[in-house]
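Please walk through the model below, from its overall make-up to a few of its packed elements.

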Amino acid sequence: MKVKYKQKKSKQLFVKENVSPNQVYELAINKIYNMDCIEGMKQLSNNSIDLVITDPPFAIEFKAKRNNYNRTQSHVLEGYQEIPKEKYYEFTLQWMKEVYRILKESGSMYVFSGWNNLKDILNALDEIGFITVNHIIWKYQFGVVTQKKFVTSHYHCLYVCKNEHKRKFFPYARFSKCDKKDTGGSLHYEDKEDVWYIKREYWNGDQKTPTKLPAELIKKILLYSSEEGDVVLDPFLGSGQVAVVSKMFKRQYLGFEIVKEYYEFAKERLEKDIYRIKSNFKENIPQSLELFDVQEIK
Ligand SMILES: C[S@@+](CC[C@H](N)C(=O)[O-])C[C@H]1O[C@@H](n2cnc3c(N)ncnc32)[C@H](O)[C@@H]1O
């Protein structure tokens, strides 16, 4: 099944009133930007974003081309931008402060984090004044095999908001009260538990960035916490997954990515409406796979 719809034309939207003219970037929705997200968000007006879904850098000296997760190294784009550990808390405070200012009262943010820097993320959320709604665990299918400790095979996702009374949430967006599993249990209940079993995606032979969130994870958040036409921001786009899946589900998108190669990769996916880009290394020609197909990402 192909999903077809018209994306709204991008229009100039967010320009803060008190910014001097030479500082103004013409930020528009349904666009992404190759820039530092803190600088980018400074250009956005207060209370203008409906939903933030983001997976900030980890500060664990992650090496983009390390052969972890059995990836074929040659297809992984280089340049992953890391933050030194000692600067991580200050960096986290800075970007989160901007998110707090630009998020609507009805809005929410979902922040992904490994366990290594979780305390910085949690402390920054509290210091800034976000209200924690849920602490979700994303359980994926495997981790890197270890000899002397247990294998990490989960990620944390902090679901937070500004105003608990105004926060949007659509409890029956995916399953009604009566939807049952084959075994008889409630699908609605299972989907609403705070441990999410969602597989990572393998893009064998396709171009990719070193880390990417599975589309199913983003889809779940979009359906529970936003409506068609809402503006979804990802300050740390990487491969552009949040923007691409938002577009697929008729949300408006906006995002920043500091690494040019990743930005260009995400931009190509968005502009051509393709989910995956095949790499043909023999002839060095990227082939576009038309995968704006919901079946494909389930
Ligand atoms: C963990 S990855 C995000 C992966 C993304 N969720 C995906 O599905 O592909 C974090 C990204 O943030 C980018 N980044 C790091 N610092 C940044 C900054 N100050 N502004 C914008 N992007 C930044 C990194 O280059 C990296 O691509």
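What percentage of the 298 residues of the protein count as buried? The share is 32%. The model is a predicted one, and the protein has eight helices and 10 strands. Among contacts with a separation of 6 or more, 66% are between residues 24 or more positions apart.

One place to begin is the pairing of helix H2, residues 88-102, with helix H3, residues 118-128. Their axes come within 9 Å and cross at roughly 45°, which makes H2 oblique to H3. The crossing in which H2 passes H3 is right-handed. On the H2 side, the residues that meet H3 are Tyr88, Tyr89, Thr92, Leu93, Met96, Lys97 and Tyr100. On the H3 side, they are Asp120, Ile121, Ala124, Leu125, Glu127 and Ile128. By class, the residues of this contact are nine nonpolar, one polar and three charged.

H3 can also be read by the burial of its residues. Ile121, Ala124 and Leu125 of H3 are buried. Viewed down the helix axis, the buried residues of H3 lie within an arc of 100°, so they line one face of the helix. An α-helix has 3.6 residues a turn, so residues three or four places apart point the same way. Lys119 and Asp126 are exposed, on the other side of H3. The buried residues of H3 are covered by elements that include H2, strand E3 (103-113), strand E4 (131-139) and strand E5 (154-161). After H3 comes Gly129, which has a positive phi, near 110°.

Strand E3, one of the elements covering H3, contains Met109. Is Met109 buried or exposed? Met109 has 23 other C-beta atoms within 10 Å, and a residue is buried if there are 20 or more, so Met109 is buried. Which residues does Met109 contact, leaving aside its neighbours within four places in sequence? They are Val52, Val99, Leu103 and Val160. The C-alpha atom of Met109 is also separated by 8.7 Å from that of Asp50, although the two residues are 59 residues apart along the chain.

From H5, the contact is made by Ala215, Ile218, Lys219 and Leu222. From H6, the contact is made by Gln241, Val242, Val245 and Ser246. The contact of H5 with H6 has five nonpolar, two polar and one charged residues.

Notes. Residues numbered from 1 in each chain as written. Predicted model: local features only at pLDDT ≥ 70, side-chain atom pairs only at ≥ 80, totals over all residues. Axes fitted to C-alpha atoms, helices over the stretch in contact; angles between N-to-C directions. Helix = DSSP H or I, 4+ residues; strand = E, 2+ residues; numbered from the N terminus. Parallel < 35°, antiparallel > 145°, perpendicular 65-115°, else oblique. Left-handed = near helix turned anticlockwise from the far one by under 90°. Contact = placed C-beta atoms within 7 Å. Nonpolar A, V, L, I, M, F, W, Y, C, P; charged D, E, K, R; others polar. Buried ≥ 20, exposed ≤ 12 C-beta atoms within 10 Å, placed from the backbone. Arc of directions from axis to C-beta.
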